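Subject: Structure handover

Hello,

Please find the structure below. My notes on it follow.

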Amino acid sequence: FPFPYTPYRIQVQFMEALYGVLEAGRVGIFESPTGTGKSLSLICGALSWLRDWEEKRRQEEARLLALGAGGQDGLTSQQARPGSADTAGQPDWVTAFVQKKEELDVVDRLKEEQIRRKKREDRLEKIRHNVHLKYAAKRKRCKEDEAKRLLQLSKEALSQGAGEGALDQLDHNEEELILAEYESDDEKKVVSRLEEDDDDLEEEHVTKIYYCSRTHSQLSQFVREVQKSPFGKDTRLVTLGSRQNLCVNEDVQRLGALQLINDRCMEMQKNKHEKKNEENEGKKRRMSRTVCPFYSYEQMQFLCDEVLVEVKDIEQLVTLGRETKACPYYGSRLAIPAAQLVVLPYQMLLHEATRNAAGIKLKDQVVIIDEAHNLIDTITCIHSAEVSGSQLCCAHSQLSQYMDRYRKHLKAKNLMYIKQILYLLEQFVAMLGGNVNQNPGCQAVSQPGTVLKSINDFLFQSQTDNINLFKVQRYCEKSLISRKLFGFVERYGGPASAVKTNKENQKLAGLQNFLLTLQQGSDKEGTPQSPPMEAEHDQLRTASPLMQIEGFLSALTNANQDGRVIVNRQGTVGQSSLKFLLLNPAVHFAKIVEECRAVIIAGGTMQPVADFREELLCSAGVDPARIVEFSCGHVIPPENILPIILCSGPSNQQLEFTYQTRDLPQMMDETGRILCNLCNVIPGGVVCFFPSYEYEKQVYGHWEKTGLLSRLAARKKIFQEPKKANQVEQMLVEYAKCIKHCSQTGGQMTGALLLSVVGGKMSEGINFSDDLGRCVIMVGMPYPNIRSPELQEKMTWLDKTMPRAAGQAPSRVLIENLCMKAVNQSIGRAIRHQKDFASILLLDHRYTRPAIFNKLPQWIRERTQVKPAFGSAFAELRK
């Protein structure tokens, strides 16, 4: 394997195992601790396989083409023996003819493909050599386009007098609605209509690797690793992302919320397609409507070539888009067919509709899912959907106004579906105990509480079982009703918006939103119910409540046994909600595993692995023989890590942080004493994880009262994990600064203590390397909240559908797995490279139970010491 430096032994093993899985077309679960160079092993292993595979394909093609060149004789040699008849009773000369025809077709297709590939390679070669030339031409063309557009706009503005009648607009809207049925096909045609030589066929032939990870920063990191690797020069790589990350149109970006950005972008494209039709229709119809200047096929084709010539991460892609006046979002999609490595966030790959929209075809391709420790949760989240009472009422009111206004212009079929949607909304609100015609904020709920129902029960009880949801869903997709409704609300929703232009309208909406959030902030001061996301939700709510509801409707089309509907009645109807909970993630993963040639699920800590095997793969119908597990140790020497399970504290208080005992003052005191002792001997940074925000707050308050906090603060500066994501960066900078300062100046203060929360902002994706994390402490066991109705439903479902493992009920195993996955994620933060060292302290005697102990990652488990008393543990730590 080509590698930028001499690989560790475990990296070679990793790459060999990976190559084997890809070659044999299996499903691999790969665990390689952070700091062992997992990304590079994945890149070099997978791309080596791809290179060899392409070479084999080329030889095979050459053989077939040579055969074809050999003419008819070459092909007839393999045909049926004369005189025999086919099983279907056809004479053998017919069979022979068919077979020869098929073989000749294959040769023809290969020839075409070769020509196309040659064309692409020449094009990319040209770009490699005279970049500047190309840029100059592009810039000139951009300026010309811009001038043309401005002229066109000013002409339109003049020709269209201010007093355009409402009827004309009505007319226009009606036309949009009639067009609606065909629009989705229209979108597909744009690309092919713009393309002279049909490059679309390329997709099937370039075998590629789809690499997904969780966040954009992880993807950028991966792309940078590819750039550094031996494959960085000659790999065709494309990074995909959401419009929020890739859009370069400032006006659209300013909208902020993803849903709004998506809506506006689609609308601008539609305007572009309609413009062509309108030009032939005389001036009467024409209205000035914005078209995105970056959505130009020619510019995007250029961007696409640029992307294929040289590996670029998202930031570089956006910069290039701005320079070349081309849309990175669509430009990068054009590059998918020819790319060898496609890098994308995993929501995009795991959700079938999004996958298809992006033009991702998985047949016989390779998928690598990195950072996959919470893959099951991710699939569940992507396919679960929640709508609030106020969204349902808002959508009902908007849709009925829309219907009343355009009733005369709507075709019968449209009316029928709109009435069905209105009926569904009405019944859903009734399920929450409300009435759609009254303000949802003022209707109090009579019987508050949470009820779980199967999908069928929910549909029967809401009396909607007679409506074909599949058809309604298809109608929503085809007619783009939610987008039409959004346009309608935008035009007529605000007080004076019918007159105002779009730009001002946006400002107005922004102001209204702002006032709304202020007012809600003051109203809800006393109630604990308002979630921190409130402001963002409002923005979505005003944007397009029907969009959210469509998600919920499509969730209801899952099979009855695979999900549940949670009817949550709280306070008012507006605050109540309906949530669809997916119980069986395998149904959505099955398609990926079936279509792909090979799937790799990789992560730093994949322990415990059993739930991937049972819940995800076996339930998705994967033959257990096809599953390969690979787990490698760590590159650090054994003496660089000291994991200790501590059973009791300095005053011999047994450590057991259960819900019943953890609130006792003596437990909180003991935890404080342990920390005080440790901070006296441990240099640099100490990170202490608590099971929840509430508990961390409680302990902190208790220490303040008892004066323990000031004793701690004498040795270490104390930092608390912020609840807001945007403050994390700032706090980490301060934390690192403090540690560096203390190590340089010496004196009383030896560093910093960071109080974090399991599953919070710090427990994932943040590295406490070297002095930032010399000791990681886990207080208690972060079991999930068993009282949550969603978790209870999942447990019941598992007990019904999954086999018992080693005498344990699947629900019990789930709870333990969730707990230990969280622990492993948090404690894995400390060791980040070969020379790093740290101690890990698990404070709770329950960690010694075999079922729990065996779920620690192997490289930590092998080196763990169990200490019944504090004295000997402290001595080890000191050493």
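Two strands are said to pair if DSSP finds at least two bridges between them. Strands (E, at least two residues) and helices (H or I, at least four) are DSSP runs, numbered from the N terminus.

This is a predicted model: local features need pLDDT of at least 70, side-chain atom pairs count only at pLDDT 80 or more, and totals for chains, interfaces and linings use all residues. Residues are numbered from 1 along each chain as its sequence is written, and side-chain values use heavy atoms, with hydrogens and water left out.

Strand β10 (residues 598–603) runs parallel to β1 (residues 27–31), joined to it by 5 bridges; Val27 has Val599 as its bridge partner. In β10, 6 of 6 residues are buried (under 20% relative accessible area, with a 1.4 Å probe and protein chains only). Ala598, Ile600 and Ala602 cover one side, and Val599, Ile601 and Gly603 the other.

There is also an open sheet of 7 strands, with parallel pairing, in the order β14-β15-β13-β16-β17-β12-β18. Its edge strands, β14 (716–720) and β18 (865–867), each pair on one side only.

Within that sheet, β12 (residues 641–646) and β17 (residues 838–843) share 6 bridges in the parallel sense, and Leu646 has Leu843 as its partner. Helix α35 (residues 870–878) packs on the sheet, touching β12, β17 and β18 (contact means heavy atoms within 4.5 Å).

Regards

Notes: Buried < 20%, exposed > 50% of the residue type's maximum accessible area, 1.4 Å probe, protein only. Axes fitted to C-alpha atoms, helices over the stretch in contact; angles between N-to-C directions.
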